[in-house]
Protein chains: 2
Amino acid sequence: MEDEVDRLVSAWRRERPDLDVEPLEVLSRVSRLARHLDRARRLAFAEHELEPWEFDVLTALRRAGAPYQLSPGQLLTQTLVTSGTMTNRIDRLAKKGLVQREPDPSDRRGVLVRLTDEGRDRADEALAGLLEQERAILAELSRTQRRELADLLRQLTAPFDNTPG
Amino acid sequence: MEDEVDRLVSAWRRERPDLDVEPLEVLSRVSRLARHLDRARRLAFAEHELEPWEFDVLTALRRAGAPYQLSPGQLLTQTLVTSGTMTNRIDRLAKKGLVQREPDPSDRRGVLVRLTDEGRDRADEALAGLLEQERAILAELSRTQRRELADLLRQLTAPFDNTPG
DNA sequence: TCCAACTATCTCGATGTCAAGAGACTTCAC
DNA sequence: GTGAAGTCTCTTGACATCGAGATAGTTGGA
């Protein structure tokens, strides 16, 4: 089946036959798919009255394991946002009672963000909903294909994830 | 090589051993990779003094072929943004002299957005720069692997691209 | 002990995006 | 032809994000 990127690539081949646009076959699909996923996730989370950004922060804390605490700095690196954004997010989540800010006992500059019981429950519910939806999207592929796809993607993400930049 | 999603998945397996988190192996990688690509693209375009959103609009027009005209509505479907956003983008591109708004001769509700000569040149330059950068990112993979990856991704994007939703 | 360099978090202003709805025009059934 | 429904673009207000800089605290060498 044809997709939008097939149309995009053939348009470029017509307009710029001098250029090799093969990279777009992979990377434009990644970008567009991510865009579609964002929308789908927004819908899935709406059932649990959570925004995608709230999910990102809550689940980062959830994954940390009891006592569900991380510093804002640790949350930054996991969520790929800037520090100003994270401060704002923590403020709003705290106001909703899903997280709590506490002073870091070992560094007075620092803060620890801790999941409340309600925050933990909301994260767990939303994760279950997300996985259900993602399984439906991935039903297009066989188990083997999903494995192949994950492995190929890992080769592309690893350099980004394992360098300081 | 391990990436951030491997760490994320193993954290979930430790914290929620009751859940099957296999879907994340694929879709979290897609989202994170898209995030990294956004940043990389921003850098590549900065050399041509273009923002990513400007590139998206200019190249959509460029791909349309001479006379490089599309309606705002056609631009919407290609760029996956809302109509309010597109109005704003066209305004700003017009102010910079990269596009021009013209009345649609066949529908008086409508407008046609047309690339100026400068807009066309800027789009061409930026595309060349982008392709160069993307080739570097994809150098991790063999030609065959890139083909496989593109084909697998197409299976996931096609349902989104070929349904009204 | 003191100071410079560094680190962690927060503040602030600018900006791009979205969602909802308004206004103008077109289409189609009757 | 006429009116209702549909379509296309633009307006508006709210909001999350970014980037740069400010503030407070820590660290290590002289």
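How many salt bridges are counted between chain A and chain B? In this predicted model, in which local features need pLDDT of at least 70, side-chain atom pairs count only at pLDDT 80 or more, and totals for chains, interfaces and linings use all residues, side-chain values use heavy atoms, with hydrogens and water left out. Residues are numbered from 1 along each chain as its sequence is written, while chains are lettered from A and ligands numbered from 1 in the order in which they are written.

The count between chain A and chain B is 14 salt bridges, a salt bridge being a side-chain nitrogen of Lys or Arg within 4 Å of a carboxyl oxygen of Asp or Glu. One of them joins the side chains of Arg62(B) and Glu15(A), at 3.1 Å from N to O. The contact, defined by heavy atoms within 4.5 Å, takes 71 residues from chain A and 71 residues from chain B.

Of the 21 residues around DNA strand C, those that come nearest are Ser83(A), Arg101(A), Arg109(A), Thr85(B) and Arg89(B), where a residue is near a strand if one of its heavy atoms lies within 4 Å of it.
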